[in-house]
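Dear colleague,

Please find below the structure I wished to pass on to you. My notes on it follow directly.

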Amino acid sequence: MAQIDENPFADPVLNHPFQDPAVTQVTDSSNRGLTEYNPFASDDFGRQIGSTVPVGPAGAPPLASQTQPAVMQPTEEPPTFPAQLPSQQMGSAITADLKRQQEELERKAAELDRREHEMQGHNYNARKNNWPPLPAKCPVGPCFYQDFAIDIPLDFQRTVRILYYMWMFHFITLFLNVLGCLAWFIVNASKGVDFGLSIVWFIVFTPCSFVCWYRPVYKACRSDSSFNFFLFFFIFFAQFVVHVLQAVGIPGWGNCGWISTIGAFSSNIAVGVILSIIAIMFTASAALSLIMLKRVHSMYRRTGASFEKAQQEFAQGVFTNRTVQNTAANAAAASLRDPM
């Protein structure tokens, strides 16, 4: 009956208690891969924590009885590299240097701003006159303000300085002309007129040349004034003609020119030598006047000045002049009071 009760279609392996798949999978370690290995399956896990794990043949997992869990050693904190300290010190030094440079630049910028405000806050009329350089005890003070570095642009400073030195050379020439005419008057009493006129030329031409042609070119270069440029050209050309006449030295005109020098040699050689030096100086003044006239004209063409601008500046200066306004107001008031 036992054979009759057996299921003929059942798998005989399933009836074997030791052929259970769950049992064979655990007991048969040859069928397990390395990835399925459980290190905590060992019974003596607690006793073999510090032991090493033996490795079996290539491709085979370690035996269950010999496997031990992998224990990681405690890691130490990463050491502080000494190279970091110099880098920090270098960074601090660079920061300090940049800060010092920034403070220096800020100080220079503040100084430039202060100077600019001073220059803008003090216009030409408010500046203290410094020319001619007279002593403080002198009862007569300076009449003009002159400073090439502040007033004149850098491109025009050389030309204006040359004109200033040329005016000084003209002043010295006129003074020597007085001495030369005096010497000629001493050896020849008929030359008293030349000596008197030489004094007049020295007194008249010295201040007039400064005011009439040097100051206009100074103001023209300072403020790019077309009117002052035209005023300089007109008066300086007349000055050039005067230099030519002085170099010629017409007798009776008060100039020690070449004609006067030739006449002086017939009277006295020493006086003739003195007059010849003065004649050379007059000739040099005439030549320099022609050269500077051309130079200022070329500078005038670069500035963009024109005759129309000169007319506008002249009209504006006339209408804004206080004296002209007062005169026009008085004339208008007088015409209203007395129409006929």
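Ser289 has a relative accessibility of 1% in this predicted model, and because buried means under 20% relative accessible area, Ser289 counts as buried. The residue belongs to helix H9, which spans residues 269-303. Leaving aside residues up to four places away in sequence, Ser289 is in contact with Met166, Phe236, Phe240 and His243.

When residues up to four places away in sequence are set aside, Pro132 touches Pro142 and Cys143. Gln146 stands 14 residues from Pro132 along the chain, and the C-alpha atoms of the two are 9.2 Å apart.

As to the protein as a whole, it contains 11 helices and 0 strands, and its pattern along the sequence accordingly reads α-α-α-α-α-α-α-α-α-α-α. The protein has 340 residues, of which 26% count as buried. Its accessible surface amounts to about 23,500 Å², and carbon and sulfur atoms account for 65% of that area. Considering contacts between residues at least 6 apart in sequence, 60% join residues at least 24 apart.

With kind regards

Technical notes: Residues numbered from 1 in each chain as written. Predicted model: local features only at pLDDT ≥ 70, side-chain atom pairs only at ≥ 80, totals over all residues. Heavy atoms only, no water. Helix = DSSP H or I, 4+ residues; strand = E, 2+ residues; numbered from the N terminus. Buried < 20%, exposed > 50% of the residue type's maximum accessible area, 1.4 Å probe, protein only. Contact = heavy atoms within 4.5 Å. Areas by Shrake-Rupley, 256 points an atom, 1.4 Å probe, with all protein chains shown as cover.
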